Amino acid sequence: MGLIVLAADKGAPGVTTAATALAAVWPRPVLLAECDPSGGDLAYRLPAAGGGVLNPGKGLLTLGATARRGLEPAQIHQHTQKIVGGLDVLVGITHGEQAAGLTWLWGPLGRSLAAMPNADVIADCGRLGSHPQIGDLLAEADQVVLLTRATLDHVAHLRERLSITKAHGVVVIADPRDYRSSIDDVRRIVGPYVSFVHGLAHDVKGAELLRGQWGGRLDRSLLVRTARDLAGRLVGAR
């Protein structure tokens, strides 16, 4: 159906939280894929369905072991796990050293994720720059969205990144106290580089709830409410 990549430049501000929140409220079938070559933490952050723990060894590592013989979209679900709430996730590598043996994987993985027949894919690609091979995955995406905070240093790094990375949109992790003005400030600076600039609330309590307390409190959080708005924008853009 479609591959949506989330990434950032300096500091990767909230990419994993944003990707998880988006996937949790996505209006169509979706897979959350952890594709950060520097290593991720979904296996330790999110509880498995049924209250257990996710297996950090099942996901990108097991997929990579079988994909050397060829990778088809239908193979991916053999390596996914379910978290509380029923969301399917493809757990990534847990530290950057594991990426050394997977430099060849990113292009075939991107093509397979983009061709998933029955689900959209939201891919958390973490911080760009350290592993150039991730560009092969970004090249397969329907939408590349870069995250930033509304601080001068973050926006300066973002603008430099946009000059060398094709991105469709920017998401501002914005303080709820000056939410609209923060987004407008970033839009004035980077608007000419992208099709849209949107926002996502910097909501610490909501992010903590997202780690496993799936219910009414989470649904009412600023994080999820703004994630729903963003999901609608991304789905409508396709």
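The model shown in all views is predicted.

**Figure 1. The loop around Gly-40, between strand S2 and helix H2.** Beyond its neighbours within four places in sequence, Gly-40 is in contact with Glu-34, Ile-93 and Thr-94. Gly-92 is 52 residues from Gly-40 in sequence, yet the two C-alpha atoms are 6.1 Å apart in space.

**Figure 2. Helix H3 and the elements that cover its buried residues.** H3 runs over residues 60–67, and Leu-60, Leu-63, Gly-64 and Ala-67 are buried in it. These four residues lie on the same side of H3, because they cover an arc of only 100° around the axis. An α-helix has 3.6 residues a turn, so residues three or four places apart point the same way. The cover over the buried residues of H3 includes strands S2 (30–34) and S4 (88–90), together with helices H4 (73–76) and H5 (106–114).

**Figure 3. Helix H1, a mostly covered helix.** H1 spans residues 15–25, and nine of its 11 residues are buried. Val-15, Leu-22 and Val-25 are among the buried residues of H1. The buried set also includes Thr-16 and Thr-20, as well as the alanines Ala-18, Ala-19, Ala-21 and Ala-23.

**Figure 4. The loop around Thr-151, between strand S6 and helix H7.** S6 covers residues 143–149 and H7 covers residues 152–162, with Thr-151 in the loop that separates them. Thr-151 has a relative accessible area of 35% and is therefore partly exposed. Between the C-alpha atoms of Thr-151 and Val-186 the distance is 8.9 Å, although 35 residues separate the two in sequence.

**Figure 5. The whole chain, given as context for the close-up views.** The chain contains 11 helices and eight strands. Its C-alpha trace spans about 50 × 40 × 30 Å along the principal axes. Among contacts between residues at least 6 apart in sequence, 77% join residues at least 24 apart. The chain exposes about 10300 Å², of which carbon and sulfur atoms supply 50%. There are 25 positive and 22 negative side chains, and the centres of the two sets lie 3 Å apart.

Terms used: Residues numbered from 1 in each chain as written. Predicted model: local features only at pLDDT ≥ 70, side-chain atom pairs only at ≥ 80, totals over all residues. Heavy atoms only, no water. Helix = DSSP H or I, 4+ residues; strand = E, 2+ residues; numbered from the N terminus. Contact = heavy atoms within 4.5 Å. Areas by Shrake-Rupley, 256 points an atom, 1.4 Å probe, with all protein chains shown as cover. Lys, Arg positive; Asp, Glu negative; His and termini not counted. Charge placed at Lys NZ, Arg CZ, Asp CG, Glu CD. Buried < 20%, exposed > 50% of the residue type's maximum accessible area, 1.4 Å probe, protein only. Arc of directions from axis to C-beta.
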